[in-house]
Amino acid sequence: MYKQIPIAEGLFTWPSETPALLGSRCRSCNIAEFPRKPSCPACGSEDVVTEELPRRGKLWTWTIQGFMPKKPYHSDETPETFTPFGVGYVELPGAVCVESRLLENDPAKLKIGMEMELVVETFRHDDAGNPVMSFAFKAAE
Amino acid sequence: MDVAIVGIGIHPFGRTPGLSGLQQGAYAARLALKDAGVEWKDMQFGFGGSASAGSADAMVNELGLTGLPFINVANGCATGGSALISAFNAIKSGEYDIGMVTGFDKHDRGAFNADPKQMGIDEWYGEVGLMMTTQFFAMKIQRYMDTYGISNNTLAKVAQKAFSNGAKNPNAWRREEIPLEVISQSPMISHPLTKFMFCAPGEGGVALILCRADIARRYTDKPIYLKSAAVRSRRYGSFEVFAPSQALQQVDGPTVDASKAAFEAAGLGPQDIDVLQLQDTESGAEVMHMAENGFCEHGEQEALIQAGETGIDGKLPINTDGGCLANGEPIGATGLRQVYETCVQLRGEAGERQVPSAPKVGYTHVYGAPGISAVTILQR
Ligand SMILES: [Zn+2]
């Protein structure tokens with residue numbers, strides 16, 4: 001039996017029907033950070049707690065990665081099968097602006113300010129054939 | 001104690017298969033010594049660095065083992081600027097009279113492939129394809145264009161000017177003009193930036209001889225005074241490269257901070273600058289850096305660039321040697337290339353690419369990962 005494996009531990013809630021990204025929030029200055037860090041990037045305090053980040057937010061900016069990145073890029077693709085992919089920052093209200101792959105790769109369909117939602121999908125397969133799961137954002141329905 | 005630049009040397013940028021990065025640095029060093037009419041044994045100190053071409057202090061093996069203190073500097077894209085500031089402070093302190101600063105590099109072809117771990121980022125970030133400086137620059141200009149109304153045509157014009165200036169610079173890598181349509185229609189690397197709007201990793205070397213201002217005329221009748229030099233790193237809330245997340249509220253980036261510090265230390269303002277070199281890793285960077293360094297308001301770039309004001313004959317001549325777009329990016333050498341070009345312009349020795357108004361004050365700016373900036377102000 002194949003098993004879905006998250007690409008990194010502690011990045012998002014998994015397994016879950018409605019996964020969320022996991023961030024850290026500083027208890028002294030209320031700043032949130034993704035991924036979780038042991039200290040606050042703004043004030044350096046180590047008094048931080050883990051929280052689930054909002055699953056929806058607005059697209060802050062975006063681009064399309066037009067060529068296959070060199071290592072450390074690690075997908076199932078070959079230079080022949082590579083498909084350009086969208087990348088963007090999504091403003092998660094009350095939390096932080098998160099960088100992510102986007103499911104959309106057509107410039108005409110991406111607009112700053114559009115509503116986005118989180119998905120967790122198979123990104124690649126490991127050597128044993130298990131799906132490796134990662135997060136992305138897609139246009140909200 | 002004021003500081004003067006009395007000797008300058010450069011190894012042509014581009015690709016030189018027969019020479020290591022270090023040898024290109026030594027070549028520039030010999031030219032700088034000759035330019036100042038001094039010998040290597042006269043140097044009381046050395047500061048230098050490269051990102052991919054070995055330790056700068058190995059250069060003593062090429063130039064002679066004189067026992068001088070030589071300090072390696074490694075600070076990403078601000079390596080050259082940081083070496084220069086170290087030399088500036090060494091002379092200002094009164095400890096030394098004269099010394100050398102050098103920066104050189106030699107990178108492999110293709111985009112830089114950064115290692116997430118070195119930047120304190122987890123492996124997944126690189127694995128999913130986010131460890132790309134090109135994406136950062138594209139996303140920064142994408143939002144900037146949306147906010148301030150900068151057009152795609154203006155991005156192409158920045159690159160067109162770079163290649164046009166490069167064609168007039170015997171030390172540039174790209175020495176052919178490229179038509180606007182070819183730039184616009186070249187393959188899209190990272191929307192909205194096309195292939196010809198990005199600089200490529202390259203090779204090259206630069207060396208400068210610095211001394212106490214009061215003895216500068218022993219070495220040259222055209223000393224260039226280093227009025228100020230500032231390096232700043234990012235504060236929380238500035239939008240920077242390799243950031244898995246960023247603050248909801250933005251603050252000014254390190255370029256704004258370094259620029260303000262350099263102007264304040266020099267007692268000058270943007271209106272006093274006659275010729276400028278701004279980091280142009282890609283077309284959008286030059287556009288945004290014009291405003292971040294205080295040379296115009298956000299959004300004014302569209303009209304300035306469309307009117308040709310950033311050309312050699314314009315009122316705001318930017319990247320007169322072709323910038324990174326025409327010279328490529330040997331990380332350790334870029335910041336010093338800008339200073340070299342500014343000295344050439346202020347000396348009035350830039351030939352075909354000379355800014356015509358007999359420029360008196362020049363400005364240089366570099367920006368690099370993970371959010372550092374270095375600025376210098378030079379005056380003749
Ligand atoms: Zn804090």
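Predicted model: local features only at pLDDT ≥ 70, side-chain atom pairs only at ≥ 80, totals over all residues.
Local features need pLDDT of at least 70 and side-chain atom pairs count only at pLDDT 80 or more, while totals for chains, interfaces and linings use all residues. Residues are numbered from 1 along each chain as its sequence is written, chains are lettered from A and ligands numbered from 1 in the order in which they are written, and side-chain values use heavy atoms, with hydrogens and water left out.

The zinc ion has as protein donors the SG atoms of A:Cys26, A:Cys29, A:Cys40 and A:Cys43, at 2.2 to 2.4 Å. Donors are N, O and S atoms within 2.8 Å of the metal (3.2 Å for Na, K and Ca); water is not among the atoms, so sites may look incomplete. Along the chain the donor spacing is C-x2-C-x10-C-x2-C. Angles among the 4 donor atoms run from 104 to 123 degrees, and the site is tetrahedral (four donors, all angles between 85 and 135 degrees). A:Cys40 is buried at 4% relative accessible area, whereas A:Cys43 is partly exposed at 42%; buried means under 20%, exposed over 50% and partly exposed in between, with a 1.4 Å probe and protein chains only.

The donor A:Cys26 also belongs to strand 2 (residues 22-26) of chain A, where 5 of the 5 residues are buried, so the strand is largely enclosed by the rest of the structure. Strands are DSSP runs of E, at least two residues, numbered from the N terminus. A:Leu22, A:Ser24 and A:Cys26 point one way from strand 2 of chain A, and A:Gly23 and A:Arg25 the other. Strand 2 of chain A pairs antiparallel with strand 4 (residues 48-52) of chain A over 5 bridges; pairing requires that DSSP finds at least two bridges.

Note on methods
Tetrahedral: all angles 85-135°; square planar, octahedral: opposite > 155°, others 65-115°. Helix = DSSP H or I, 4+ residues; strand = E, 2+ residues; numbered from the N terminus.
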